[in-house]
Amino acid sequence: MPHDVHHKLMQFIEISKDGYLIFDELDRISFINQTFAGIIGFDVNTALGMTFEQLIRHNTATKTGWHVESDDLEAWIADAQIKRHTEEFRLLEVDSWDGRWFLLSEQSLPTNELLVHAKEITEQKALEAKLLTTQEKLRELALTDELTGIANRRSFVDSVKVELNRQDRQHTPAALLILDMDFFKRVNDTYGHQAGDEVLQQVGRLIGKQLRPYDIFGRIGGEEFAIFLADTDKELAYLIAERLRISIYNTPIRFANMTLSVSASIGLCEHLVGSGFQNMYEKADIGLYQAKKLGRNQVCIAVA
């Protein structure tokens, strides 16, 4: 390489915002630019001659430079040394104690020297984290009923189907409740849709507070809720349904300057091994129809 080209290349490396480093055949730092020295928490002269192991131990002890996230530093160093000396090329993301992130590339040479390049990617990592958060929020929105904040129909059905498979394998009891608000159209027509929305929101919260952590609860229609009770036989399911019905009937709904009294009818179906969600839903719906037909504000068990 012509001298002037070599000189310009070295000038470029020295002023580059990327880090450049060379480990010699004895794994000592034989070259490092100012940027890389700053990344690992040293000045250039101090870093020269330092081995990779010395560098990592110093960074860990002083909490500067590279951040090694491991409870066993010895094992981490041993594993890193194997990879550094057996893989011809490595590309990895590493973070530093000051919170910055870097894309690190390591290229080994036939002379056993190791060329290392470091490019800061802190902004990209922040954007990546933001995108992941956004994706999680979108996924949650896709599975959540916008009005009540509980599971929507799709999420409820999917969760119940998974649980039914477990119930079938273990031959344990379960039950499905379908709860429908009585005379809900009358609420909307008399007080307006905002009042109707408030009824659904408050009833949703009321029910949710009384369920067990493992019960599956969702809004599956306009004024219709569903509850899947795992590991629950028909008798216990009926007691739970009755408790919910009475609680709804005895809890006034406050909206604006008004107090509304509401009630709900509930259809109940026990789970039989091998019966899928659709079969359970149809039977619970029959129980709900019976409750409505008999005067509303009651629980009816569908005949299996």
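The model is predicted, and local features need pLDDT of at least 70, side-chain atom pairs count only at pLDDT 80 or more, and totals for chains, interfaces and linings use all residues. Residues are numbered from 1 along each chain as its sequence is written, and side-chain values use heavy atoms, with hydrogens and water left out.

User: Is strand E6 (residues 174–181) largely enclosed or open, and how many of its residues are buried?

Analyst: Buried means under 20% relative accessible area, with a 1.4 Å probe and protein chains only. One side of E6 carries Ala-174, Leu-176, Ile-178 and Asp-180, the other Ala-175, Leu-177, Leu-179 and Met-181, and all are buried. E6 is therefore largely enclosed by the rest of the structure, the buried count being 8 of the 8 residues.

User: Which residue of E8 is the bridge partner of Ile-178?

Analyst: Strands pair if DSSP finds at least two bridges between them. E6 and strand E8 (residues 224–230) run antiparallel and are joined by 7 bridges. Within E8, Ile-178 has as its bridge partner Ala-226.

User: Which residue of E11 is the bridge partner of Asp-180?

Analyst: E6 is also joined by 7 bridges to strand E11 (residues 264–270), and the two run antiparallel. Within E11, the partner of Asp-180 is Ser-265.

User: How do the residues of the contact of H9 with H10 divide into nonpolar, polar and charged?

Analyst: Contact means heavy atoms within 4.5 Å. H9 contributes Val-203, Leu-206, Ile-207 and Gln-210, and H10 contributes Arg-243, Leu-244, Ser-247 and Ile-248. With Ala, Val, Leu, Ile, Met, Phe, Trp, Tyr, Cys and Pro as nonpolar, Asp, Glu, Lys and Arg as charged, and the others, Gly among them, as polar, the division is 5 nonpolar, 2 polar and 1 charged.

Note on methods
Helices (H or I, at least four residues) and strands (E, at least two) are DSSP runs, numbered from the N terminus. Buried means under 20% relative accessible area, exposed over 50%, partly exposed in between (1.4 Å probe, protein chains only).
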